[in-house]
Amino acid sequence: MTQAVIESILSEERLFPPSSEFAQQAHIKSFSDYQKLYDYAKNEPEKFWAELAEKELHWFRQWDQVLDWQPPFAKWFVGGKLNVAYNCLDRHIKSEKRDKTALIWEGEPGDVRTFTYAQLHEQVCRIANVLKQLGVKKGDRVGIYLPMIPEAVIAMLACARIGAPHTLVFGGFSAEALKGRLLDAEAKLVITADGGWRKDAIVPLKEQVDRALENNRVPSVKNVLVVKRTEQAITMKAGRDYWWHELKADAAADCPAEAMDSEDVLFILYTSGTTGQPKGVVHTTGGYNLYTHITTKWVFDLHDDDIYWCSADVGWITGHSYIVYGPLSNGATILMYEGVPRQSNPGCFWDVIEKYGVTIFYTAPTAIRMFMKMGEELPKARNLSSLRLLGTVGEPINPEAWMWYHKVIGGGCCPIVDTWWQTETGGIMLTPLPGATTTKPGATTFPFPGIVADVVDLDGNPVGEGQGGYLIIKHPWPSMIRNVYGNPDRFRRTYWEHIPVKDGNYVYFSGDGARKDADGYFWVMGRVDDVINIAGHRLGTMEIESALVSHVGVAEAAVVGRPSQVKGEEIVAFVTLENNFVASKQLEQELKQHVVAKIGAIARPAQIRFTEVLPKTRSGKIMRRLLRSLAIGEEISGDTSTLEDRGVLEKLRG
């Protein structure tokens, strides 16, 4: 790593301390308060988590042991009994929050529904009884394949209520991808809808379920429960398929919450791998409930009068943790929106914030860069003054996008919590605490209290200031992945064996590269397979992408490496331009020189390929693996089920 590269990323001088007004009303009011919490949690981890568990959650039975750590397998709050749905609903309806709005929902066509905590509780109880009626018992897995509608939240909580682990499959997945996940989880029942709205078109969900299940390809599935959303004609198979609204109407409105063991499985969520074989990430009940609860409360500085909107889909871990379980456990008012920015309504996100007075907005850097490309006119035409806190999630954010988000959306006065975490971690791991942390654009700042993180080399030795290395977690935490479903060997191999075990101390390997600067701030640089080695110098793709996006003509950039006989690897950049710029050889040379000026000659791209769009998952992540194959002329292989627009690949090949 050259000194120029290090300085370009780690010499960020813009600092944004919390305002005194924000800090005074925050849960964590100063950096010294954070430091005390962090030190206490590091020195007395079991005591720290036990005190929070007792204070923040309802338990049917107290635990016997806080942590049973048999590396790499952890059990938290051993012997404790609780129910996540009870913590998200029942305890609130026994308080003044009974008639508080729990969920505000707006559909893409503009239809609106709201639920108080009491109303949501009744709906969940009815569907829990429907599941029982259809033969679902404690421990049975339930597949959920729904659009962004309230029934998705209700289905998740109904499963949690009766102790049936759910596995959500994002509504953009194909029938084959759905089949594979249902097979692996051995799901007994699938909950779906006739269809869902996305970008002014209907996604035929029930049709996909029928294809996944045809010819008894998933023999474990006995029934399909169907929500009527779009009113389109579908085929209902007698004896297997049932309408949600018909069974719900006859179901009892009361269903006692099952007392679940703290380590009973809450859900299995599949993450796609480059080999095409998804991993079933297992999360359990007690530790996950506590960690998502307390991170929601502290990271978003959640208060009773907040209107909280996380724009992710419930089918991803962000939706699980920070639309459903974390916010509802805190008794928050959450907002769900079925739509996304589209040609017929590119400013719909800003309409939603203005209409409902959203105070907390949590979205992805990819979305922010898309908003930047659309221009400032759309958000500036709306009243966004209700916002008091902004957040980012999903991938590293480049400083330019951070600053645009801060100035244009936050009006220059909203703290930004740039969060790092994963499906496997269950909850936020590195983050500012908005009343306590001075932020730097592009930095995830510091670990959440109770998280012991470091940046190391492949031998497990800490790297020096500003040096690139591997982001690891040194101590178990409550919401950590418990296993890969049905494959403990893969669990060990993927997460625990990349860094050598020393003196019996296992460390969690995140698969992400990172650096720490002179102030101890963490900078996550992206996946370690997104690091390019040029003549012995390791360059994070995000570093080069940030340099490209800082050019006035670049809306978005993705960088990959391809083999070079001379340098080992060389850089290929895929670039989308702002609307008033036109691709040309002259612009290509200008962008190459711009990268050199920002980082150094070592980072000069060998090739810049202009494109109207980049291949992305339906959650908005750029699929750099596919770009890497295109850059070296290989055939596309591996799992492409998450690709949003398959036509993108043909355009890029052309």
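Author: The following answers concern a predicted model, and each sets a value against its cut-off.

Reader: Why is Leu131 called buried?

Author: Leu131 has a relative accessible area of 0%. Buried means under 20%, so Leu131 is buried. Leu131 belongs to helix H6, which covers residues 117-133.

Reader: Which residues are in contact with Leu131, leaving aside its neighbours within four places in sequence?

Author: They are Val136, Ala158, Cys159, Ile162, Leu189 and Ile191. Contact here requires heavy atoms within 4.5 Å. As for Asn487, 356 residues away from Leu131 along the chain, the C-alpha atoms of the two are separated by 28 Å.

Reader: What makes the pair Arg126 and Glu122 a salt bridge?

Author: The closest N and O atoms of Arg126 and Glu122 are 3.0 Å apart. A salt bridge needs a side-chain nitrogen of Lys or Arg within 4 Å of a carboxyl oxygen of Asp or Glu, and the pair therefore counts as a salt bridge. Both residues lie in helix H6, four residues apart, which is about one turn of the helix.

Reader: How do you know whether Arg126 is buried or exposed, and what is said of Glu122?

Author: Arg126 has a relative accessibility of 18%. The limit for buried is under 20%, so Arg126 counts as buried. Glu122 stands at 31%. Partly exposed is the class between buried, under 20%, and exposed, over 50%, and Glu122 therefore counts as partly exposed.

Reader: What do the side chains of Asp351 and Arg382 form, and why is the pair said to tie parts together?

Author: The side chains of Asp351 and Arg382 meet in a salt bridge, with 2.7 Å from N to O. Asp351 lies in helix H13 (residues 348-356) and Arg382 in the loop between helix H15 (377-380) and strand E19 (389-392), so the pair ties together parts that are 31 residues apart in sequence. Asp351, with a relative accessible area of 26%, is partly exposed, whereas Arg382, at 19%, counts as buried.

Reader: How do you know that Lys440 forms a salt bridge with Asp517?

Author: The closest N and O atoms of Lys440 and Asp517 are 2.8 Å apart. The cut-off is 4 Å, so the pair qualifies as a salt bridge. Lys440 lies in the loop between strand E20 (416-418) and strand E21 (453-456), and Asp517 in the loop between strand E24 (508-516) and strand E25 (522-527), so the pair ties together parts that are 77 residues apart in sequence. Lys440 and Asp517 are both buried.

Reader: How many salt bridges does the structure hold, and which residues are linked in a network?

Author: The structure holds 40 salt bridges. Arg369, Glu395, Glu545, Glu556, Lys616 and Arg624 are linked in a network of salt bridges.

Reader: Why is helix H3 called roughly perpendicular to helix H4?

Author: The axes of H3 (residues 31-43) and H4 (residues 45-56) come within 5 Å and cross at roughly 115°. Angles of 65 to 115 degrees count as roughly perpendicular, so H3 is roughly perpendicular to H4. In this contact Leu37, Tyr40, Ala41, Lys42 and Asn43 of H3 meet Pro45, Lys47, Phe48 and Glu51 of H4. The contact residues divide into five nonpolar, one polar and three charged.

Reader: What makes helix H16 mostly covered?

Author: Nine of the eleven residues of H16 (residues 399-409) are buried. Among them are Trp402, Trp404, Tyr405 and His406. H16 is followed by Gly411, which has a positive phi near 60°.

Reader: Why are Glu186 and Lys199 remarked upon for their phi?

Author: Most residues other than glycine have a negative phi. Glu186 is not a glycine, yet its phi is positive, about 55°. Lys199 is likewise not a glycine and has a positive phi of about 55°. Glu186 lies in the loop between helix H8 (175-185) and strand E8 (189-193), and Lys199 in the loop between strand E9 (196-198) and strand E10 (201-203). Glu186 counts as partly exposed at 45% relative accessibility, and Lys199 is partly exposed at 42%.

Reader: What makes the peptide bond from Pro71 to Pro72 cis?

Author: The omega of this bond from Pro71 to Pro72 is near 0°, and the bond is cis. Most peptide bonds are trans. Pro72 is found in the loop between strand E1 (65-70) and strand E2 (73-78).

Technical notes: Residues are numbered from 1 along each chain as its sequence is written. This is a predicted model: local features need pLDDT of at least 70, side-chain atom pairs count only at pLDDT 80 or more; totals for chains, interfaces and linings use all residues. Side-chain values use heavy atoms; hydrogens and water are left out. Helices (H or I, at least four residues) and strands (E, at least two) are DSSP runs, numbered from the N terminus. Buried means under 20% relative accessible area, exposed over 50%, partly exposed in between (1.4 Å probe, protein chains only). Axes are lines fitted to C-alpha atoms, for helices over the stretch in contact, and angles run from 0 to 180 degrees between N-to-C directions. Angles under 35 degrees count as roughly parallel, over 145 as roughly antiparallel, 65 to 115 as roughly perpendicular and the rest as oblique. Ala, Val, Leu, Ile, Met, Phe, Trp, Tyr, Cys and Pro count as nonpolar, Asp, Glu, Lys and Arg as charged, and the others, Gly among them, as polar.
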